[in-house]
Structures are given as structure tokens and as C-alpha cells.
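Trainee: Hi, I'm new to this one. Could you walk me through it?

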Amino acid sequence: MKIPASYQIKGIDAYTIEHEPVSSADLMMRAAGTVAEWLWQHVEYDTSFKVMAGNGNNGGDALVVAMLLAKAGFNVECFLFNYSQKLSPDCAFYKEEIAKRTNLRFAEVTDPGFRPDIKADEWVIDGLFGTGLNRPLEEPFVSLIRHINTSDATVVSIDIPSGLFGEDNRQNNPEHCIHATYTLSFQFPKLAFLFAENSKVVGDWQVLPIGLHPKAIEKCQTAYNFATREEMAQLLKPKDKFAHKGIFGHALLAGGSKGKIGAIVLAAKSCLRSGVGLLTVQVPASGNDILQISVPEAMTIPDEGENTITAVQIGEKINAVGIGCGMGTSVEAAQALHQLLQTCDKPMEIDADALNILAQHPEWIKLIPTNSILTPHPAEFDRLAGKSATGYERLEKARDFAAKNKVTVVLKGAYTAVINADGEVSFNSTGNPGMATAGSGDTLTGILVALQAQGYQAFDAARLGVFLHGLAGDIAARTIAFESITASDITASLGFAFNELRSKTSNKHS
Ligand SMILES: NC(=O)C1=CN([C@@H]2O[C@H](COP(=O)(O)OP(=O)(O)OC[C@H]3O[C@@H](n4cnc5c(N)ncnc54)[C@H](OP(=O)(O)O)[C@@H]3O)[C@@H](O)[C@H]2O)[C@@H](O)CC1
Ligand SMILES: Nc1ncnc2c1ncn2[C@@H]1O[C@H](COP(=O)(O)OP(=O)(O)O)[C@@H](O)[C@H]1O
Ligand SMILES: [K+]
């Protein structure tokens, strides 16, 4: 699913109006209708609404929502904040309509000091500003928004919380934005929803399809995508009936150190649950027995180092190499990584301590083989590329990093961003807070290297692997509380995740 920028949405909107064709007032009715329908499904029959409309089309949507709610029998009071005495044409049109209604209370507000009374059990519909916001909000809106935010009412923002920009909010003050309980975004998610710094503003968000023209959506060029299940299912390769393990690749995992052999055990287990034909694991000598006993399906190469790996042996038949899990940042481990980077031409999946070592030796980054993946969490990425004040800033740095170094970067988080060397970004749509647990990243490494060994290109392996990892976490969360999910639970659910994704594929073709 594309994530167009606010200015691009305007173009898609205009194309739809011209080519469907549909009048802008009817399109507004359709958009507002989806909001009203959502509300009917989520509120009690005796809910009271305070609808706050601004002077643009977001305000127009709010006026229509108010009329539809009143028509359905809800108690509605609607305020049109028109300090500048200037309405968009469609907002003006629906103002005339709403003023004729007797089944709701309507007032146009021009007094900057006026604050509507809001009770804690009411629902506020926020239609003050949408994607037409062109500068940070100032008074009197800031005080009005503060009044709404401190009301304890449930707040539903139409399209986007008022005051928030769809993309870059680095110069914006979150306290000057509506803090929505729910945000109902038309047709597409907004980029800003995907950054942790905006979560308090955006609340729970959903996309409501409003039938914008498919041709205009197809033509829209954007670097940002939100991974849907259908798109990810198309990436998953079928398993041929006459398949044998030789065609599913041979992965090598290298890592572990004394006290952190578990990390590589976790990666090995998830790797074997992700379709790889063969797996070899290189661990410090002291970890060899641990690995053989806990993962009998894997072959092992005990390193000469007792408690850390010192050199990585890549046999000719290895198709992909995963390195970093639990390996530590000792001098020996760093040398092993350096030697590997100098000799390996296979796709690599570089995680955890291998990333920390690279941060200490940035001159080694250029040695990374083509078609490789790096999987930093935000702190690891900041070590590689410098500190970022916001998720937006970090994402832009990660796009630069991926392009400059010709690698795929997996910036992990609640909405993991998978970024290719062309700067394209695919945000993951699966996963849950229960996955913020020790070893969860190691299980991801195992999945990714398994997919690379099977011949998936880096960007596809990363998008698909991240999606499956999150889906496995979601499946685990159906029966296990977030608090109790472990990395091993994610691996245990991987088989169900593959099944769910594949069953979507077969549904699609049946
Ligand atoms: N996507 C779609 O296809 C559909 C979209 N639809 C809806 O349209 C919405 C976008 O509508 P929009 O373009 O009219 O912009 P909107 O946000 O209502 O406000 C613009 C007004 O705000 C003003 N203004 C701006 N910044 C300001 C500030 N800081 N402080 C004060 N004022 C400020 C600006 O005036 P200015 O002062 O700049 O002249 C202008 O008057 C979109 O979010 C969705 O809800 C649906 O109806 C149909 C289908
Ligand atoms: N709130 C969340 N929602 C969804 N996924 C999450 C959330 N928190 C963490 N994750 C996922 O869990 C994994 C954690 O990885 P990482 O931080 O490397 O963990 P570890 O170092 O313990 O292995 C990442 O894939 C991340 O995307
Ligand atoms: K809004």
C-alpha cells in the first residue's frame, strides 16, 4: 500500500473528481460516510458527540459526519471554527446544509476565547485541520486543542490529528496537536503515523478506503510503502513437489560468545523454521555442545577460540552468511568479522554486535558484499550513522546510508522500515509490543539468512522475513499475553505464519 505525501493526495483527489467523475462535495460525502459508519460500529447507541470543524475540507468532512450522526439519532453538537471568516467551497456548501438541520445544534465560532463544554463521556470528532495544514498551529487553535486534549473525552480525528503534518514534524510541537484516541485516515496511512514520537498524537489509527481512483494511485510515485499481506504473499516462493534440501540453500550462521550462546541458538532455530535446506553454525568451542544438543538439525564448526569466534570458515557451498548474534565486540570477534568481509562474496545478514563492530570500524562498511542486509535497532543504527532526534530523521539517514553503501537496511521498531539501496522504504505491518523481548532480533536474523540462502534478493528477503517474524509474533499473541511472549514463542509460531501467508496466496488464485 502506497504512502503518498499530503501534496500527492491532493493530486489523487483531483484526478478522482475529474475522471471518476464525481463532484468534490459527493467525494466529501463518501469520505465522511466511511467515518460515520466506523463510528456507528464503535459507539454505544446513547453516545453524545461534539464535532469540531475547521474552515477547510477537513472541516467540511466534519460537518457531514455531524449531519450523518444526527440523522442516525445521536445527540450531536457541531462547532465550525471560522476565525478567519474564510471557508473552502465544500465546507461553505455543507455549512449551508447543516444550518438548515433541526436535529442537531450548530454554531459558527468566530470568538477566539470561546471553548465548547466537553464532558468526559462524550466523543469529540476532530475535523479542525487535515492534510492542508501548511504551518504549525498557533493561537487561538493551540488553546482550543489544549482544551480538547485535557477533556478526557474519546477523540476521533478525521484523516489526521489536527496540527500534525503528514510527514515531517521536526519543527512541530506535539502539544499543539490533537491527541487522538483514534485516527481514521482516508485511503492511505500517513508517514507520520509510523514514527514512535507521534504515537501519543495519532492513537490507534486505521485506513478507511474512500474509492480514490486506482489509476491515480498507480501513477503516484512514492518511496514509501506499507507492506500488506497480499503483497508479501506474492513474494513467498512455492515449494516444489520434487524439491530436495539441496535446492533450498545452505546458510552459515556465525556468532555467540561465552554467556551469549543462546543468541545464536535462537537464530539457528528460526533459520531452520524458515525453509533453509542446510544450516551450519560456527560458534566458539565452548558453545559447540550447547548448539549440538539444542539444535540437532544444524551442523556445527567449533571455532578455535574457546569463548569467542576468531575466524569464519565459509565453505564453497554456502549461499548466505548471518553474523553478529551474541558474538561480542572483542578484538578476536572484530578480526573475524574483518577477515570475513574481506573474503566473503555471498549475501550477508549483519546484526547486533557485528553492527557495533562496524560502527567502530566504519572503513569496513565498504567491504560488505552486494545483496546484503543490515538489521540495526535504533541504538545500533545511531552508532553507525550518528544520533537522530526523531524517527523521521533516523529514517532519512537510513535511506542515505542504504544508498551510499548499497545495502538493504532493516531499521527495527514497531513499524520496522526495510530500506533498499534505491531509498525505497517498505514499512512492516505485523508485530506487537510482546516482541520487544530478549532474543527477538536474533530470531529475525535466522529468518532472513534462511531466505537469502534460498535465493531471495536482499530487499525481498528482508520485507518478507520481517513480515513473517511479526506475523509469528502476532500468532503467538493470540494465545500468550504480551508480557509472556519469548523469542522462542515467535519461532514456535513461524510455521503457522508461513501457512497463513501461503493460504492467502492460494485463496488469491482460487
Ligand atoms: N484525500 C482526499 O481525497 C479527500 C480529502 N478530504 C479532506 O480534505 C482534507 C484536506 O482539506 P484542505 O486541503 O482543505 O485542508 P484542511 O486541512 O482542511 O485546511 C486547510 C485550511 O487550513 C488553513 N490553515 C492551514 N494551516 C493553518 C494553520 N497553521 N493555522 C491556521 N490555518 C491554517 C488554510 O488556510 P490558509 O491560512 O493557509 O489560507 C486552509 O483554509 C483532508 O484532510 C480530508 O479531511 C475529503 O473531504 C475528500 C477526499
Ligand atoms: N512494539 C513492537 N511492535 C512490533 N515489533 C516490535 C516491537 N518492539 C520490538 N519489535 C520487534 O522485535 C525485534 C527486536 O529486535 P532487537 O531489538 O534486535 O532485539 P534483541 O536484541 O533482544 O534480539 C525487532 O524485529 C522489532 O521490530
Ligand atoms: K483532523
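Trainee: How many residues surround ligand 2, and which are the closest?
Mentor: There are 18 residues around ligand 2, and His377, Gly431, Ala436, Ser440 and Gly441 are the closest. Keep in mind that this is a predicted model.

Trainee: Got it. Which helices each supply at least two residues of that shell around ligand 2?
Mentor: Helix H15 (440-453) and helix H16 (458-479) do. H15 gives the largest share, 4 residues.

Trainee: And how do the residues around ligand 2 divide by class?
Mentor: The shell around ligand 2 has 10 polar, 6 nonpolar and 2 charged residues.

Trainee: Okay, now ligand 1. What surrounds ligand 1?
Mentor: Ligand 1 has 27 residues around it, with Asp13, Gly56, Asn57, Gly130 and Gly132 the closest. The elements giving two or more residues to this shell are helix H1 (6-19), helix H2 (24-42) and helix H3 (57-71).

Trainee: Which of them gives the largest share of the shell around ligand 1?
Mentor: That's H3, with 5 residues. By class, the shell around ligand 1 splits into 12 polar, 11 nonpolar and 4 charged residues.

Trainee: Changing topic: what does UniProt say about residues 9-218?
Mentor: An unreviewed UniProt entry annotates residues 9-218 as "domain: YjeF N-terminal". In the model, that span is 36% helix and 18% strand, and its end C-alpha atoms lie 12 Å apart.

Trainee: There's also a sheet I'd like to understand. What is the order of its 10 strands?
Mentor: This open sheet runs E8-E17-E16-E15-E14-E13-E12-E9-E10-E11, with mixed pairing. Strand E8 (224-226) and strand E11 (299-302) are the edge strands, each pairing on one side only. On average, neighbouring strands in the sheet are turned by 15 degrees against each other, direction ignored.

Trainee: Which helix packs on that sheet, and which strands does it touch?
Mentor: Helix H12 does, touching strand E12 (320-323), strand E13 (348-351) and E14. The direction of H12 makes about 80 degrees with that of E13.

Trainee: How do E14 and E15 run, parallel or antiparallel?
Mentor: Strand E14 (residues 373-375) and strand E15 (residues 408-411) run parallel, joined by 2 bridges. Leu374 has Val409 in E15 as its bridge partner.

Trainee: Back to H12. At what angle do H11 and H12 pack?
Mentor: Helix H11 (residues 331-343) and helix H12 (residues 352-360) pack at about 85 degrees, with axes 10 Å apart. The two helices, H11 and H12, are therefore roughly perpendicular to each other.

Trainee: Which residues meet there?
Mentor: Ala333, Ala334 and Leu337 in H11 meet Asp353, Ala354 and Ile357 in H12. The contact of H11 with H12 has 5 nonpolar, no polar and 1 charged residues.

Definitions and conventions
Residues numbered from 1 in each chain as written. Chains lettered and ligands numbered in written order. Predicted model: local features only at pLDDT ≥ 70, side-chain atom pairs only at ≥ 80, totals over all residues. Axes fitted to C-alpha atoms, helices over the stretch in contact; angles between N-to-C directions. Parallel < 35°, antiparallel > 145°, perpendicular 65-115°, else oblique. Contact = placed C-beta atoms within 7 Å. Nonpolar A, V, L, I, M, F, W, Y, C, P; charged D, E, K, R; others polar. Near = placed C-beta within 6 Å. UniProt positions renumbered as here; feature names shortened; annotations may be inferred. Pairing = 2+ DSSP bridges.
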